[in-house]
Amino acid sequence: MIPEPSAAAASRSSKQNTNSHAAGTCSGAVSHSEEDSGSENRQKTRRRKRARGVPENDEGKRARAGCSGVGRGRGGRGKQKQHVEAVTLFEVITMGKSAIEAVVDDWIEAYSADRDSSLLDLISFFIQCCGCKGVVTAEMCQSQEDSDVRSKMVEELDEGAGLQYKRFLAFPWILTVTWPMDADSAEYPLVQSGPPARWFHSELCDFVAALVARCQHGVLFDGYLMGGLISLLTELSDSYVRAFRHTCTLAAVKVLSSLVAVALSLGVGVENAQKLHEVQRTKSSRQRSSQQLERIQKKLTELQEKRAEIESMMDAIFKGVFLKRYRDMLPEIRSICMEELALWMKLYSSAFLNDSYLKYTGWMMHDKAPDVRLKCVLGLQGLYGDPVLLPKLDLFTSRFKDRLIAMTLDKDNEVAVQTMKLLLLISKMCDDVLTEDDYKQLLRFVYSSHRPLAATAGELLFWRYGALRPPSFPSAGFELCVAGFTAAEGAVMVEILAAAARQASEGPALPGRTGTKKVVSAREKKSQTDDCLKLTGHLLTWLPRLIQKFSCSGDIVASLMKIPQFFISDCPEAENTQQVSSLLAEMAAVVDLHSAPAVLEAAARSYLSLCGEGAAWGPAARSARDALVRRWVERLTELLRDDPFSANEEKTRELVATLRKLGAFHNCHDLGRWGAFELLSPLLTEQSSQGGAPPEVLEEALRCLSFAVLWSLSASGEMLTCREEAVSQRLQLRLFCERSRHFLSHCELAVRLQAFLGVCDVLTAHSYQLQVWHPAGFGLLLYTPSPKLQRALLGFVCSHVFVGSDCDSQSRESKNPEAERLEDLHRRRNALAAYCKLIVHGVLEMSAAAEVYVHYVKYNSDFGDIMKETMCRTRQINKVESARSLVLCLQQLFVRLKREQKSGGGGGRAHSGVQTFTSIKELARRFALTFGDSAKFRECVVTIHRNGVEFVFQDFTQAPGAATPPYLSYLTILSEFSGKLLKPDKKTVFSYLQKHTAEHVVNLREECWQPLVYYRASLLAAAETEDAASHMSSDRRPYPHVRSPLSKQKAEGSKSPCQFRPADRVKVPKPSTCPSPQEKTGDADPFSVPLEFPGAEESADEPDDGTVEVEL
């Protein structure tokens, strides 16, 4: 055994300890060596180190007591003991409860014959339970009050001998425990790994309980056994050694728990004796027996004395063990104390359930160990669950209620859940304890990410505000629960009902909910199906009543109309046609009454669920839906027959509502057989696009027509049976797209947006139809958007998505500018995503993305994710074409800048659509960062450089008035991609550059050729050095002098006449070790990239002075 690091033990010599052991008059000794006491430990404990042998003289060994074991079926002592195998008390606890009871009876019999030896056996048992493999010696103490004896009660170390000593008084014995310091103290029976630890804990508790229970009618009150046992456990529980402290604390509190059971039994006896005494006293003098009365009085006095003695024992254990150990440094010991204290207060409330003992539970709820806090909460649950004990908990509740509420935020989930259950119990048992503020704080946990905590908070919510408990809910109905609520509260309750129905039906993982399993087992699936069946059967009866009750409230009825989506058609109530007809009638009445989008969308989806094939209510639901659609189509025909756009506002309002209902149902149902497209297509005339029809009518008509075309494409994707159908659908598609193009310039934003989204959805669906075309069909439904339509779509994106501060200024004038700004941003994101899908699905060329990428830097916070996803998808389709779209974007911006500079001059203000040279260079840097793996995008980067070089030198003829290409400064932008080139590719690109420059006379000393020098430097940079352009990627950075990989820079103070940006001019001496361009060309790796470049020709002459001017 090794003491804990915090233990402070004095070191004495082994000689002094030997003298102190021999100082007393030794009447007997108990000595357990490793061979005697450790045999069972070696069998049960794994990887236990072999303890060092303890030196002991022969006289001490012969002085060992002979009753260290207890024989089974022992009839007497003496020779019979030699023929019966000795079984120690420590070995008994591994034999089960029946063996424990038998051996305890044998020990009591031996104790009656020789209590000194038997008590030493019991002492030896508890020391062995601590895992001690040393030696225990005992000396008889004559007086408990002797000061010399008290001064020898020490716990010390002998580092020289490698031994540790524990000397204490267990009257009438002075016990000395000696064990080696190098023994394994980290693993003793209570903490050993695996099931043996749990078995030992249970068996030790059973042994202590059996010992006290068997002794309660005899030796328990002899004043000798319990005194020695309590002294032993008190002394060992106060040891520095963790094993002694842990094991003996557990044994001591279990002894106290067993004494509580004895005290309860004595209390019952006292009550019975008092009743008999009262009965005898109430008898008349003739019937009263004085002898019997005296006998009852004597028995009553004896029972009361025994109970007082038991309470004295409990008080000694509580003060000697609990008060010292409930704040022990070991969390396991603190948990044991709190668990047993709750048991004492519940079982023996007359003695323990008061504020003097409850305060320890309240204090330990602040413990840093979660298990200790959990034991406190579980103990309080047992106390608050008993109505008889509630009056004694009033002061505790008022004192520690805030702490209990705060513990619902405990970092340990189990503590938080059990605390919530305790508060739920308090709410049920005590109505006035929790205030409204407390409930507001607790009920927020229904949104907790930990599901058990949220479920318990939901139970508290239902208990607090629900009129009925869950068992009576199916028989009473939800209508009674919302009877006493206001309209707002009723809306919330209905929304909760709809969410609960969806959760029971689909079981989706809620946002933020942790620990949810992705794979549902068969058992969970069956349980979920059973819940859905019960929910369907119950709500099929009550839902029509709720819809009728809240039919005038749009928000509430929208939530109620969602519930039929979660019904299961296998329920027995589905055969009840009366209930199904009632539900369909109420739903039809709601659809006729309301035209709000939320109500119509919920109704359309519910009808879609009810009209499914194989459902018992399917025919009735389909008939009800067809009746609704037929009525709407007939009404539309009447409204559109004669002057549909008159000044009659009521007629226009009815037309809009009918179109909205038809569009909502057309979104979920195929209504092609009613001819919706032929009915509404005349509305999309060129006169209407100029303002003939009301904007609301046009918006709804465009939506209905887009749904009609989508359903037509869906049908054509399955099979086209004849040529006439194919031609008709192609004409329908072309008619819708071309007529919608006119509405992209409508005066109303809502009409323009709906026309744009409708065309994008239809073209995307058409692209998908081409991919899933069945070879057995008649033929492909081919359609290519016209150039006018493509330009109109691009113009809409540029003018409505990438807008400036005009929309922001309008939103500031409204009441809720932030909400409108977010709504407008959401609308713009949807439009951009629809346009990008056309590019990804191949409807538009990849080059169409160039106009989108132009705004990559400016609108990165709003649309950066959409643009990055577009780049990623297009690269998956064709990496080279995707790279060319980036090049086209940069070249278009550069050309616009050049034209603006030529037309406006140097001092003019640039147009809003023209970006500065710095911003174009920053855009190129951002594009370069998207090529993460240089080897993966090798061909893309080389393509960018090749196109850039061709762009600069294309159609350039050197003349006296034009010595340099007009787009030469583009090479500075192109250098941002040089860092993504591999070293062999840099040589290849440099050779390709030399091929184009060899045709012209290039004087690198002239200022006009500095972009070429700068680009060459970026290509010739070594792989291990920093890229030549890395310091110049943004004009927000300073421009320090950078040592070029070609030469050493020397700064000059003159300014560059370059028209794009100021630059420092430095002279760069050409190193003698730099190979010539011809040598570079010869060293180029022909297998560096899949592309093959022509060989480089001889470059222009180099300056005579060996220096060139480089534009930084």
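A nonpolar core is a set of buried Ala, Val, Leu, Ile, Met, Phe, Trp, Tyr and Cys residues joined through side-chain atoms within 4.5 Å, where buried stands for under 20% relative accessible area, exposed for over 50% and partly exposed for what lies in between (1.4 Å probe, protein chains only). The model is predicted, so that local features need pLDDT of at least 70 and side-chain atom pairs count only at pLDDT 80 or more, while totals for chains, interfaces and linings use all residues. Residues are numbered from 1 along each chain as its sequence is written, and side-chain values use heavy atoms, with hydrogens and water left out.

The protein holds 47 helices and 10 strands, taken as DSSP runs (helices H or I of at least four residues, strands E of at least two) and numbered from the N terminus. Of its 1112 residues, 49% count as buried. Among contacts (heavy atoms within 4.5 Å) with a separation of 6 or more, 73% join residues 24 or more positions apart.

In soluble globular proteins, nonpolar side chains tend to be buried together. Here the largest nonpolar core has 156 residues, and Phe756 and Phe927 are the members that touch the most others. Apart from this core lies another, of 122 residues, which includes Phe200, Met226, Leu229 and Phe445. Beyond its neighbours within four places in sequence, Phe927 is in contact with Tyr853, Tyr856, Met871, Leu886, Cys889, Leu890 and Phe977.

Helix α27 (residues 577-593) has 17 residues and should span 24 Å at 1.5 Å a residue, which agrees with the 24 Å between its end C-alpha atoms; the expected span is 1.5 Å times one less than the number of residues. Its buried residues include Gln579 and Glu586 as well as Val580, Leu583 and Leu584, and what covers the buried residues of α27 includes α25 (522-549), α26 (554-560), α28 (597-610), α29 (618-641) and α30 (649-668).

Two further residues lead to the surface. Lys324, in helix α13 (residues 290-325), counts as partly exposed because its relative accessibility is 41%. Setting aside neighbours within four places in sequence, Lys324 is in contact with Asp238 and Lys319, and its C-alpha atom is separated by 9.8 Å from that of Thr249, 75 residues apart along the chain. Leu264, in helix α12 (residues 242-282), is likewise partly exposed, with a relative accessible area of 31%.
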